[in-house]
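Student: I have just opened this one and would like to talk it through. Can we go step by step?
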Amino acid sequence: MVERQELIVAMPKGRIFGEALELLRKAGLDMPQDLTEDSRKLTVTVPREKLSFLLVKPVDVPTYVEHGVADLGVVGKDVLMEEERDVHELLDLEISPCRVSVAGLPDWKPVLNPKVASKYPRIADQYFREQGQQVEVIRLNGSVELAPLIGLADRIVDIVSTGRTLKENGLVELEEIASVTSRLIANRSSYRLKSRAVDELYERLGKVVEQGRVGV
Ligand code: PRP
């Protein structure tokens, strides 16, 4: 019997991590108990499953996969939309659902060339261009909800999950741009050269996703 090839998977630290780990466990993978969201380790090897994990910033997952240092990755559709990397989107894992939305103060009024703050400058720019609206996009790396409160921007484009951050900062969701879930992505060469191992993981995860959908 031919040995299954080893796979390297880029995992996003943060909100997706726990759900992705649970999914892998449900798929029958014997993941180490000390692999947790707050672990400081950046690589974890699971020899019995022929898997290694790179624990990286969510926004960097497509970079690791595109460059082939990871064969697979788990990443939010928001990051895929923003980064536009040359990777193969294999499977909607249907975890960590949220949306990319436009938000602002409830008494927001249209102004000429409004400023829009966002961690997603490309998504924001494209959305407003499609709407025929000219805006100035200001790139931020976090705490985006602060921008309209202190006059840095008129509106924001950001992730809304529970809606708590908007609410606690007195902001309202104005328009939904896209709904988001996490995806399994593959490096284009790995997808061909390690197809057996990739297919096996894809099928195992696909079954769990399906079971979750029908509530099994
Ligand atoms: C994200 C996003 C919002 C918040 C939305 O930020 O940018 O701020 O979560 O979630 P909610 O609707 O459940 O409140 P993140 O936690 O990644 O931190 P950041 O602001 O530092 O980017």
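Student: How many salt bridges does the rule find across the interface of domain 1 and domain 2?
Tutor: Bearing in mind that this is a predicted model, the rule finds one salt bridge across the interface of domain 1 and domain 2.

Student: And what do the side chains of Glu 84 and Arg 122 do?
Tutor: The side chains of Glu 84 and Arg 122 meet in a salt bridge, with a distance of 2.7 Å from N to O.

Student: How many residues are in contact, and what area do the domains bury?
Tutor: Eight residues of domain 1 are in contact with 11 residues of domain 2. Between them the two domains bury about 840 Å², and 50% of this area is on carbon and sulfur atoms. In domain 1, the residues that lose the most area to domain 2 are Asp 78, Met 81 and Glu 82, which together make up 61% of what that side buries.

Student: Changing topic, which residues come nearest to the ligand?
Tutor: Of the 13 residues around the ligand, Arg 15, Lys 119, Glu 145, Thr 162 and Thr 165 come nearest. A polar side-chain atom of Arg 15 lies 2.4 Å from an oxygen atom of the ligand, and for Glu 145 a polar side-chain atom lies 2.7 Å from a ligand oxygen atom. Thr 165 has an N or O atom in its side chain that is 2.4 Å from an oxygen atom of the ligand.

Student: Back to salt bridges: how many does the structure hold?
Tutor: The structure holds 15 salt bridges. One of them pairs Asp 92 with Arg 183, with the closest N and O atoms 3.6 Å apart.

Student: What does that pair tie together?
Tutor: Asp 92 lies in strand E5 (residues 88-92) and Arg 183 lies in strand E11 (residues 182-186), so the pair ties together parts that are 91 residues apart in sequence.

Notes
Residues are numbered from 1 along each chain as its sequence is written. This is a predicted model: local features need pLDDT of at least 70, side-chain atom pairs count only at pLDDT 80 or more; totals for chains, interfaces and linings use all residues. Side-chain values use heavy atoms; hydrogens and water are left out. Contact means heavy atoms within 4.5 Å. Buried area is the accessible area (1.4 Å probe) that two parts lose on being put together, summed over both. A salt bridge is a side-chain nitrogen of Lys or Arg within 4 Å of a carboxyl oxygen of Asp or Glu. A residue is near a molecule or strand if one of its heavy atoms lies within 4 Å of it. A polar contact is a pair of N or O atoms within 3.5 Å; within protein, one must be able to donate a hydrogen and the other to accept it, and residues adjacent in sequence count only if both atoms are side-chain atoms. Helices (H or I, at least four residues) and strands (E, at least two) are DSSP runs, numbered from the N terminus.
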